[in-house]
Amino acid sequence: MGGRELSRLAAFALGVLASCAPVPDVPPTRAVALVNALPPMKAFTTETVAPATRSNAEMAQDFLDLSFRMESGRTIPVLSRFEGPITVRMTGATSDSMGRDLTRLLGRLRNEADIDISLTNGPNAHITVEAIPQAELQRAVPRAACFVVPRITSWEEFLLTRHTGQVDWTTLTTRERAVIFVPADAAPQEIRDCLHEELAQALGPLNDLYRLPDSVFNDDNIHTVLTGFDMLVLRAFYAPELSSGMTRSDVAARLPALLARLNPRGQRAGAPAQADTSRDWITAMETALTSGSTPGRRRQAAARAIQLGEAFGWRDTRAGFALYANGRLQVGHDSAAALASFNAAEAVYRKSAVTSVHTAHIAVQKAAFALASGDAQTTIALADEAIPVARRHQNAALLATLMMFKAEGLAMTGNTVEADALRLDSLGWARYGFGSDLNVQARLAEIAALRPF
């Protein structure tokens, strides 16, 4: 691959890693001109949620590990939850799309998790969702896009109590108040994703497990909305058989009968229990994914995670994610190594239908290579397979990106009418997934710039 193609791929990878932030000095293209007449923002209106696929024995182990450990590894001594009906309110610089997404989420929690939860305008809500300017939020907690805190109800309270035991989740027996902070000026999809993940943790488990392939309770951030697995976990969390104050052994004793009642299809033999994720592997992945480290150090950390996973004999989503992260970090540095990592990650993900959305993320990376090399048919084929998956998982940013890739592939074949129509159709999803018109323009320009000139 030539140097010009490599530099264009590097620019695209930079845009992906920066959550689609605008990229300066991108050559003008036909695609960019369409931004002058952006269509209305699109939104998902129907749910296509697949049920949990694990056996109940596996579900029980996942439930216990999610519910009785923090992400740091600290033990949570007892189960804590809200007892009785739960109310939620919004404050701060909220938006119409945020209100719609929260309302839809609460409806799902009522219908799928059987939680008595509703929106209120009153000041005494159990859970407050406060929208804070992104810059202010990240000055206080630099590495968090959004987060949830117990026992308090406002940003002012958080600034006063953040270094005290008052906001320590492990000291709770019953949950009475919590506040979720989301970035007010982020893209609508990012705010929605925050609502799903943080409200799930405000209500239920406080841990994330890298071994989970089908859950938002996973720091890989592949899933953007609550899955069937997540809803089953929350439904069990609020089942009448459990209550605040129960120990791990108390809950473990009740889970088999509880899960048999809630999930009869899971009453079967399951896969062997997966080993815990080592702290060394987590540390390596955190370094690889953190922009504060140098590119060389991040690549070394990704390679370390791959080596650790191989030593542990992992063939699950953790192995795929380390390879995926390594591939993204190699783009612009070693194109052959990047493509090899993406192919290896795809091989891991294709072993299970549960990880189809992971494969769709790989498709974006491979489409970038195909487009840059002038291979229109491969670009189109990759997008065609992944677009329905992105739509089913309600990932508008991923969906729009794949549609833009297909449009460029079609344009390369001379099918400009279909290409222009598809590119225009992608913009409504892009407005939801990327936010500002400038971000939409940047993503269009990044992808168009990959085409050989």
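How many helices and strands does the protein have? The model, which is predicted, contains 18 helices and five strands, where helices (H or I, at least four residues) and strands (E, at least two) are DSSP runs numbered from the N terminus. The radius of gyration, taken over C-alpha atoms, is 22 Å, close to the 22 Å that the globule rule gives for 453 residues, so the protein is as compact as a globular protein of that length. That rule is 2.2 Å times the number of residues to the power 0.38. Of the 453 residues, 56% count as buried, meaning under 20% relative accessible area with a 1.4 Å probe, protein chains only.

Strand β1 (residues 86-92) runs parallel to β3 and is joined to it by five bridges, with Ile-127 as the partner of Val-88. Six bridges link β3 to β5 (residues 178-183), also in parallel; here Glu-130 partners Phe-181.

The largest nonpolar core has 62 residues, and Trp-281 and Met-285 are among those touching the most other members. Such a core is a set of buried Ala, Val, Leu, Ile, Met, Phe, Trp, Tyr and Cys residues joined through side-chain atoms within 4.5 Å. Helix α16 (residues 396-412) supplies its largest share, twelve residues.

Residues are numbered from 1 along each chain as its sequence is written, and side-chain values use heavy atoms, leaving out hydrogens and water. Local features need pLDDT of at least 70 and side-chain atom pairs count only at pLDDT 80 or more, whereas totals for chains, interfaces and linings use all residues.

Terms used. Two strands pair if DSSP finds at least two bridges between them. Buried means under 20% relative accessible area, exposed over 50%, partly exposed in between (1.4 Å probe, protein chains only).
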